[in-house]
Amino acid sequence: MDLIEVHDLVKVYLVGDVFVHALRGVSLSIQRGEFVAVMGPSGSGKSTFMHILGCLDRPTKGTYRLEEMDVGHLSRDDLATIRKKKLGFVFQTFNLLSRTSALENVELPLVYDGVPSRERRRKALEALRAIGLEDRAHHYPNQLSGGEQQRVAIARALINTPSVILADEPTGNLDSETGAEILGLFQQLNQERGITLVLVTHDPDVAAYADRVIHFRDGRVIQDVLRSTVHIK
Amino acid sequence: MRLIDGTKIALRALRANRLRSGLTTLGIIIGVAAVIAMVAVGSGARAQVAEQIRSFGTNLLLILSGSTTSGGIRLGFGTVLTLTEDDAKAIAAEIQGVEAVAASVRGTAQVVYGDQNWSTLIQGTTPEWFVAREWPVVKGRPFTPQEVDGATKVAVLGQTVFQMLFGEADPLGSIIRIGKVPFTVIGVLDWKGPSTMGSDQDDIIVIPVSTAKQKVLGMSRAGPRSVGSIMVKMRSPDLLDEGERQITSLLRQRHRLHPDQENDFSVRNLAEVFAAQEEIARTLALLLGAIASVSLVVGGIGIMNIMLVSVAERTREIGLRVAVGARSHEILLQFLMEAVTLSLFGGLVGIGLGIGASKVLSGLAGWPTLIASRAILLAFFSSAAVGIFFGYYPARKASRLDPIEALHYE
């Protein structure tokens, strides 16, 4: 069973009075436990692809099946439920809530899932322990380094035990050493806990951490590389 | 999302911007306080008018001598006092539902006691007058019908006259002079307070009508039995209109007026006069409340303004909340709760401030104020309604943000 299966995804935006074809027919599948990097220049459609995978956007045409469920054309609120239950997000700018402790930031997805506060606390502490930031639980984001902030964000993405974690340029705001630490953490989560990761980047060094690299250009997949084997589409 | 978590999120957001939240709340505080204080002033004025009306006596018809002044030729020129004591007797005997009838003459005179003197209103009347005006004698006694028949020189003093002439001393049995005539003080009236027109009702001396005409005010050219006015107290308010009609027709008959002649007297239904004054007080209260409500609306606009700024500033936060699974109505609720918390808090403080302001107004300016619990409830729910009404638009705006745009908002 494929974890993610997209077929002939098309996305057309209307910008002013010009139609922009962001995706021109993308078909691929991602298996459970894969670590996938999505690459491509800006305007290649990789961000649009990630927004659709993240249920933040809906395709104009085509199907998107997540765990065999057709989620491509759900309502806004149903998409919110999918994001809450099955997806985790890591952003380039971390997107932690200011004036809110690391612990409470990690708890946030559970708040919208109606989990009681005692259980939220327990799970959030557990998630912070897993990424080695237990002692920073009561620090505010402005008291944490960039790398620490991103790790808190990863703990937040893990808290609801998602089917897949989507990371959008997660090392873009970090120096290369810290970035390597974050990528190492991703690799560790993937290998030790079997967590499925899809990571968007324009940096080949970042993509090198992944098992599979998908290249986008002009709204199409032009190359799908699995480990050392190259498949040209 | 559970309600308690929503409340915590709203409170945290408001605490994050204490000064801004405080200033926004101030608009509501001032608005609610203004409503409470103004409604208190308006209610106080209405209560005062009602109290004055009650103090004058209820279910009263006042018949005045002389032709009406409204329109047409004035009849009976030179014979002003067209009513007589016999008219009063006839009304008492023939009209249904009459409780008391008092014929009166009035005038002013200088009153002297010892080295004190005072100019006051002399009311010459019959004992029924005390009943009609619902005005008890608290010290001594009223005069009797026999004393009216005998034109006895006895006087009942109003509180103002009593204090001007006697101060703290016991007046009963003392001899005062009204004009040049000595009178024995037999009683003192209860306090009555100012009339609806603002004149001092306690500045009065009540003496028998016969004595007044023969010894103090002088006889009218119209005849020894003539009087200036007749006061009629009916048994219930719904008898007033019918009583007015019957008295008019009785008096026209007694005065032998032709159908084409105008009345040589006028009947005033005091209930109508008072209704007009009540209406004025009511309008005043409404006007004050309406003006104060404007400031509450201005406060509401302040909330809306600050909530719009807040939504714009927190666009990324909203984007993140949506990304991790918040549904539209949860975002809407969060911002609505912030607005309502601001307005309810402002409402509570405003109610306290408004009550304080009312106390200060009645203490310093001497205005009568009345704080009704209904007004407090109304102010509380109004402030909640202001929060919901003015918070809804910004909250809806937040709930409709596109998460992708919101997450990339700079």
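Me: A cavity is a set of grid points where a 1.4 Å probe fits but cannot get out. With that in hand, what volume does the second largest cavity have?

Reply: About 70 Å³. Keep in mind that this is a predicted model. That volume is the space filled by probe spheres set on the points.

Me: What makes a residue part of the lining of the second largest cavity, and which residues are they?

Reply: A lining residue has an atom within 4 Å of a point. Arg83(A), Lys84(A), Leu87(A), Gly88(A), Phe89(A), Pro109(A), Arg156(A), Ala157(A), Asn160(A), Ala323(B) and Val324(B) line this one, so each of them has such an atom. Strand 6 of chain A gives the largest share, three residues.

Me: Which residues line the largest cavity?

Reply: Among them are Met50(A), His51(A), Phe89(A), Asp168(A), Leu407(B) and His408(B). Helix 1 (46-53), strand 6 (87-90) and strand 7 (164-168) of chain A each give two or more residues to this lining. By class, the lining has seven nonpolar, three polar and one charged residues. Asp168(A) is in the list, and Asp counts as charged, so that is its class.

Me: Why is the pair Asp5(B) and Arg120(A) called a salt bridge?

Reply: The closest N and O atoms of Asp5(B) and Arg120(A) are 2.9 Å apart. The cut-off between a side-chain nitrogen of Lys or Arg and a carboxyl oxygen of Asp or Glu is 4 Å, so the pair qualifies. Two salt bridges are counted between chain A and chain B.

Me: What area is buried between chain A and chain B?

Reply: About 2400 Å², with carbon and sulfur atoms giving 54%. On the chain A side, Leu56(A), Arg76(A) and Tyr112(A) lose the most area to chain B, together 28% of what that side buries. The contact takes 28 residues from chain A and 27 from chain B.

Technical notes:
Residues numbered from 1 in each chain as written. Chains lettered and ligands numbered in written order. Predicted model: local features only at pLDDT ≥ 70, side-chain atom pairs only at ≥ 80, totals over all residues. Heavy atoms only, no water. 1 Å grid on protein atoms, 1.4 Å probe; cavity = no way out; pocket = protein on both sides within 12 Å on 5 of 7 lines; lining within 4 Å. Helix = DSSP H or I, 4+ residues; strand = E, 2+ residues; numbered from the N terminus. Contact = heavy atoms within 4.5 Å. Buried area = accessible area lost by both parts, 1.4 Å probe.
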